[in-house]
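Biologist: I'd like to learn how to read this structure feature by feature. Could you take me through it, general idea before the particular case?

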Amino acid sequence: FFFFFFFFKQKTAYEISACLVGSEMCIRDSFQVDYAFEAANRGACALGVKTKDSVILGVERKVIPKLQESSTIKKISQIDSHLAMTYAGLTSDARQLIQGVVLKCQQYGLDYDQKPSVNYVAKYVANVKQEYTQVGGRRPFGIPVSYTHLTLPTTPYV
């Protein structure tokens, strides 16, 4: 009689799915995540200062290439009548994200007949950025963002 023993190596989380964390405690295909971090680090500095009754937003403007029109680069965007967003990093990623956020705020206003909160917008952006990190065929966004909320009866948020 012959006995055959087969030993199957148990798959690690790294080998099962691209969105799971492996034994090295890093996301699979982390080079894309590293590129996103590098793009964010190379971006211009964005700053928000809150005072008693106002918010001041500032963005560093780096040297613009000769073939790029300076009016196309806007690092501060108004999302809604009471919300603004600043970013640093890749402008193309920011444009795509801002278009989605503006649309989501408009949908929220139509659905609930009120303006979305900063928390709602921040959660939406975080979910979109996380989805792009985990879904195959997409690369992570290379932008850190900050939000500003200003409505006169309440205190401002940064």
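Modeller: Let's begin with the core. A nonpolar core is a set of buried Ala, Val, Leu, Ile, Met, Phe, Trp, Tyr and Cys residues joined through side-chain atoms within 4.5 Å. Buried means under 20% relative accessible area, exposed over 50%, and partly exposed in between (1.4 Å probe, protein chains only). Keep in mind that this is a predicted model: local features need pLDDT of at least 70, side-chain atom pairs count only at pLDDT 80 or more, and totals for chains, interfaces and linings use all residues. Residues are numbered from 1 along each chain as its sequence is written, and side-chain values use heavy atoms, with hydrogens and water left out.

Biologist: Which residues touch the most other members of the largest nonpolar core?

Modeller: Ile79 and Val121 do, in a core of 17 residues. Two or more residues each come from β4 (83-87), α3 and α4. Helices (H or I, at least four residues) and strands (E, at least two) are DSSP runs, numbered from the N terminus.

Biologist: And how many helices and strands does the protein chain have?

Modeller: Four helices and five strands, in the order α-α-β-β-β-β-α-α-β along the sequence. Of the 158 residues in the protein chain, 27% are buried.

Biologist: What is Val121 in contact with, beyond its sequence neighbours?

Modeller: Contact means heavy atoms within 4.5 Å. Leaving aside neighbours within four places in sequence, Val121 contacts Leu83, Val101, Cys105, Pro116 and Tyr147.

Biologist: Pro116 is on that list. Is Pro116 buried or exposed?

Modeller: Pro116 has a relative accessible area of 1%, so it is buried. Pro116 sits in the loop between α3 and α4, and it touches Asp80, His82, Leu83, Cys105, Tyr108 and Val121, not counting residues up to four places away in sequence.

Biologist: How do I read a helix pair, and at what angle do α3 and α4 cross?

Modeller: Axes are lines fitted to C-alpha atoms, for helices over the stretch in contact, and angles run from 0 to 180 degrees between N-to-C directions. Angles under 35 degrees count as roughly parallel, over 145 as roughly antiparallel, 65 to 115 as roughly perpendicular and the rest as oblique. Here the axes of α3 (residues 91-112) and α4 (residues 118-134) come within 11 Å and cross at roughly 135 degrees, which makes α3 oblique to α4. Among the residues making the contact are Val101 and Cys105 of α3, and Val121 and Tyr124 of α4.

Biologist: Now the strands: where is Ser77 found?

Modeller: Ser77 is in strand β3 (residues 76-78). With a relative accessible area of 13%, Ser77 is buried. Leaving aside neighbours within four places in sequence, its contacts are Ala84, Met85 and Ile98.
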